[in-house]
Amino acid sequence: MFGYVTICKPTLAEADYDTFRAFYCGLCKQIGKYHQGARLGLSYDMTFLAILLSAVVGKQAKIKKKRCLLHPFAKRNMVCEDIVLSYAAKMSILLQYEKLLDDWKDEKKPYALSAFLFRRTVRSIQKEFPHQSAVISECLKDLSRAEKENLQDVDMVADRFAKILEALFVPDFIRDEQSRKILSWLGYNLGRWIYLLDAAEDLEKDIKRNSYNPFSAKIRESETDQPALYEQLDVTLTFCLANIAAAYDLLSVSDYDAILKNILFDGVRMRQDAILKQTEEKNGSV
């Protein structure tokens with residue numbers, strides 16, 4: 001479900017792109033420090049979170065050239081470990097673990113057994129971040145129940161996923177109450193946007209496989225066709241993006257502003273159009 005929050009490379013300056021990649025590689029390296037297998041949970045979304053929180057904290061991250069397990073012959077620029085990068089890495093691991101655990105409980109998917117390989121690491125993270133851990137676990141359980149019951153209440157299921165990002169976007173080291181409220185609202189709307197867009201992208205596939213999708217009833221019962229649904233959904237998602245942009249504008253950000261605006265104003269809109277309007281996506285890869 002993650003991977004929708006990304007850059008729009010054609011409109012991003014080369015120096016800013018290099019900084020984004022340094023955060024991405026640094027986050028991957030940091031996750032590996034806790035457990036190498038958990039690096040599979042690396043996502044652009046958590047990279048964005050690391051950059052955003054670094055900007056809010058107001059401390060520029062240090063970047064150094066380091067070797068990478070996947071690219072051993074040439075050193076790469078990577079953001080060095082700090083409180084923000086460590087937090088983003090731990091949240092990445094926590095999300096991956098809970099999702100794998102959920103997949104095992106619901107469908108007994110063999111790959112989900114990999115969650116037990118880093119269970120000890122997760123227990124340590126759960127003790128360090130009990131609030132985020134509890135929210136992720138509870139919301140994923142609610143989503144699992146909705147799937148089993150084939151619940152078609154789109155607002156309810158989108159809200160449960162949005163609550164996860166709402167919690168993740170407000171770590172304890174952000175002390176300013178106003179910033180916490182803004183980050184909470186930004187995270188909530190971003191989570192809602194991700195869930196709805198993911199459901200839209202998977203709709204046709206889920207209908208063919210008879211898999212759960214909160215939009216499938218509208219199609220099966222012929223209330224609307226898929227293009228019409230996408231047109232309606234575009235309005236809803238654009239409203240989420242407007243809330244995200246408004247929240248971001250309230251934050252006091254100086255560092256990484258160009259990268260964050262590229263993601264929030266260009267990258268996410270590009271992803272939305274690519275899925276709902278079948279436009280060509282040209283974001284490039286890290």
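This is a predicted model: local features need pLDDT of at least 70, side-chain atom pairs count only at pLDDT 80 or more; totals for chains, interfaces and linings use all residues.
**Entry 1: Arg39**

I began with Arg39, which counts as buried at 13% relative accessibility. Residues are numbered from 1 along each chain as its sequence is written, and side-chain values use heavy atoms, with hydrogens and water left out.

I found Arg39 in the loop between α1 and α2 (44–57). The element names come from DSSP runs numbered from the N terminus: helices are H or I with at least four residues, strands are E with at least two. Which residues does Arg39 contact, leaving aside neighbours within four places in sequence? I listed Cys28, Lys29, Ile31, Gly32, Cys68 and Leu69. Contact here means heavy atoms within 4.5 Å. I also looked at Ile93: its C-alpha atom is 8.0 Å from that of Arg39, although the two residues are 54 apart along the chain.

**Entry 2: the second largest pocket**

Next I looked up the second largest pocket, which holds about 270 Å³ of space. A pocket is found on a 1 Å grid over the protein atoms alone, as an open set of points where a 1.4 Å probe fits, with protein on both sides within 12 Å along at least five of seven lines; lining residues have an atom within 4 Å of a point. Grid points are joined across faces, edges and corners, and the volume is the space filled by probe spheres set on the points.

I noted 15 lining residues, with Cys28, Leu42, Cys68, Leu70 and His71 nearest the centre. Helix α1 provides the largest share, four residues. By class, I wrote down ten nonpolar, two polar and three charged residues. In this scheme Ala, Val, Leu, Ile, Met, Phe, Trp, Tyr, Cys and Pro are nonpolar, Asp, Glu, Lys and Arg are charged, and the others, Gly among them, are polar.

Back in helix α1, I stopped at Thr19. Is Thr19 buried or exposed? Thr19 is buried, at 17% relative accessible area. Beyond four places in sequence, Thr19 touches Tyr256 and Ile259.

I then followed helix α9, residues 226–250. Its 25 residues reach 36 Å from first C-alpha to last, close to the 36 Å expected at 1.5 Å a residue; the expected span is 1.5 Å times one less than the number of residues. Among its buried residues I marked Asn243 and Tyr248. Asn243 has a relative accessible area of 16% and touches Trp185 and Asn189, not counting residues up to four places away in sequence.

Tyr248 is also touched by Leu52. Leu52, Phe169 and Trp193 have the most contacts inside the largest nonpolar core, which has 92 residues. Such a core is a set of buried Ala, Val, Leu, Ile, Met, Phe, Trp, Tyr and Cys residues joined through side-chain atoms within 4.5 Å.

Technical notes: Buried means under 20% relative accessible area, exposed over 50%, partly exposed in between (1.4 Å probe, protein chains only).
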